[in-house]
Amino acid sequence: MKLKTHTNILLILLSITLFTNCKKDNRVLDNSVLPLEDELQSVFSDTFKIDAFTVLSEEIPSFNTRFKFLGANQDPVFGRTDINLYVAPIIKDNVTNTIIGNNPTYVSSEIILKADNVQFTGDTTTVMTYSVFETNKKLENSQVYYSNKGDSLADFSKLVGSYVGKLTFLNNSKVIRIPVTNTVFANSILTNTTLVQSNENFQNTIKGFYITASGSNINPLNAQGNIYKFDLEDTTSGFYLRYLNGPPSPTNTVVNSYKFVFYGTTASRFNVSSYSAISGGNTLLIKQLFNKDSVLAPRTNLFIKGFASTKIKIKIPSLKNLADSHKVSINRAEIAFKIDPTYSTSGGTKQYAVPSGLSLLALDSLGKVTLVTDQTTSGDLNRYGGYFDASSNSYVFNIMRHVQQIVNGTKKNYGFMLVVTDPNPLVLNTRDNFIERAIFAGTAHPTLQPKIGISYIKFRNN
């Protein structure tokens with residue numbers, strides 16, 4: 001009897017256990033307890049239509065910083081670029097009552113600029129022609145000058161010096177040395193002692209230099225010319241006066257040197273440029289620049305070049321299609337631009353390096369560039385991208401926050417602009433510090449066209 005009772009109890013307990021284990025625990029929330037129309041759907045799409053074309057850059061400010069460009073280049077793809085330099089020599093450390101030598105006798109003088117060993121574009125073997133002119137007015141260090149200022153401040157009746165040749169080495173540094181051929185100009189600085197009593201005196205008379213290589217004989221075949229970045233605050237750079245103490249004689253042969261520098265509180269340094277794609281540029285590039293966004297402009301390639309040359313305008317009108325009757329949450333929105341490998345970026349002595357970074361900026365209702373939302377906070381900026389990826393030969397931008405705002409309707413979609421500059425907002429405005437260029441596969445390219453891939457979750461019910 002006891003055995004039968006125990007058996008019955010065990011059967012009852014086993015039934016309770018099985019029933020309990022098989023019953024769904026509704027305290028755990030997952031899709032199986034949601035109505036079908038409420039399920040979350042993760043979606044990825046890269047079929048959004050992109051329209052992109054090359055446009056001319058607007059003028060850019062040239063800031064009073066240590067690195068400046070100088071040269072002329074006949075790029076076989078982009079055409080002709082000239083970047084000229086305005087610079088004002090000053091007395092180092094703003095010293096007053098300076099004395100240059102003891103009864104000095106002028107020997108020679110020259111302008112020396114120390115080149116950056118990495119930053120250049122073009123053909124380093126080309127023989128260049130450099131000319132230096134006085135400026136017709138004092139260069140103001142408090143004024144912001146723009147790249148389109150041109151040669152309007154140059155006094156071409158006052159040639160200071162000239163040099164035909166290539167960069168040379170001085171104290172293990174690559175430099176350009178331009179002899180001062182106007183000895184009257186240089187000697188007057190030695191003989192007029194009031195000039196060096198203060199920088200104010202000096203700069204009121206020696207207003208500044210305009211240095212150009214625009215007279216160089218360059219072509220897109222075998223003498224493409226070059227544009228170098230120079231460090232004006234390097235100890236080698238400066239305007240040198242060389243002299244003897246006293247009159248020359250068989251026993252007085254020691255040549256002394258005094259250097260005026262290109263940096264300091266009263267220094268002024270800026271670049272101006274001229275760019276012409278018509279002067280030997282690629283046919284596809286020229287058609288895009290002058291037909292703008294019309295169907296007459298082939299889009300097989302897109303062309304971007306720094307320092308007020310070219311940029312790329314981008315339209316993605318279909319972004320608004322995400323905002324249908326359902327809300328969406330953007331997880332990632334990546335737009336990628338791939339270098340066209342059929343164009344060589346460098347080789348031998350001809351160097352056309354791609355930019356280390358680009359910036360994808362938003363356009364406002366007036367067509368002016370503004371930061372995309374993803375550039376405005378440090379966390380989003382870390383994911384924003386914009387730097388060259390050599391492994392994929394491309395530049396990728398994640399503009400998730402910005403696209404989300406477009407979809408939400410809190411930001412208008414006026415398009416974007418791709419420019420040569422570091423994408424970090426702290427250095428974004430210094431677009432005068434980049435001369436590199438890149439040739440992308442365009443929207444009509446058969447395999448490498450720009451694409452935007454968006455990953456998002458769609459909420460079926462609002």
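I looked up the exposure of R66 first: at 31% relative accessibility this residue is partly exposed, the class between buried (under 20% relative accessible area) and exposed (over 50%), with a 1.4 Å probe and protein chains only. The model is predicted, so I note that local features need pLDDT of at least 70 and side-chain atom pairs pLDDT 80 or more, while totals for chains, interfaces and linings use all residues. Residues are numbered from 1 along each chain as its sequence is written, and side-chain values use heavy atoms, without hydrogens and water.

I then turned to the partner of R66. The side chain of D231 forms a salt bridge with R66 at 2.9 Å, N to O; the term requires a side-chain nitrogen of Lys or Arg within 4 Å of a carboxyl oxygen of Asp or Glu. D231 lies in strand β13 (residues 225-231) and R66 in the loop between β3 (61-62) and β4 (67-75), 165 residues apart. Strands are DSSP runs of E with at least two residues, numbered from the N terminus. D231 is buried, with a relative accessible area of 9%.

I next examined K68, which pairs with D432 in a salt bridge whose closest N and O atoms are 3.7 Å apart. K68 is in strand β4, and D432 is in the loop between β25 (416-420) and β26 (437-441), 364 residues apart. Both residues, K68 and D432, are buried.

I also recorded the salt bridge between D75 and R437, with 3.0 Å between the closest N and O atoms. Because D75 lies in strand β4 and R437 in strand β26, the pair ties together parts 362 residues apart in sequence. D75 and R437 are buried.

Salt bridges with shared partners join R66, D231, E233 and R269 into one network. My search of the whole structure gave 15 salt bridges.

Methods:
Helix = DSSP H or I, 4+ residues; strand = E, 2+ residues; numbered from the N terminus.
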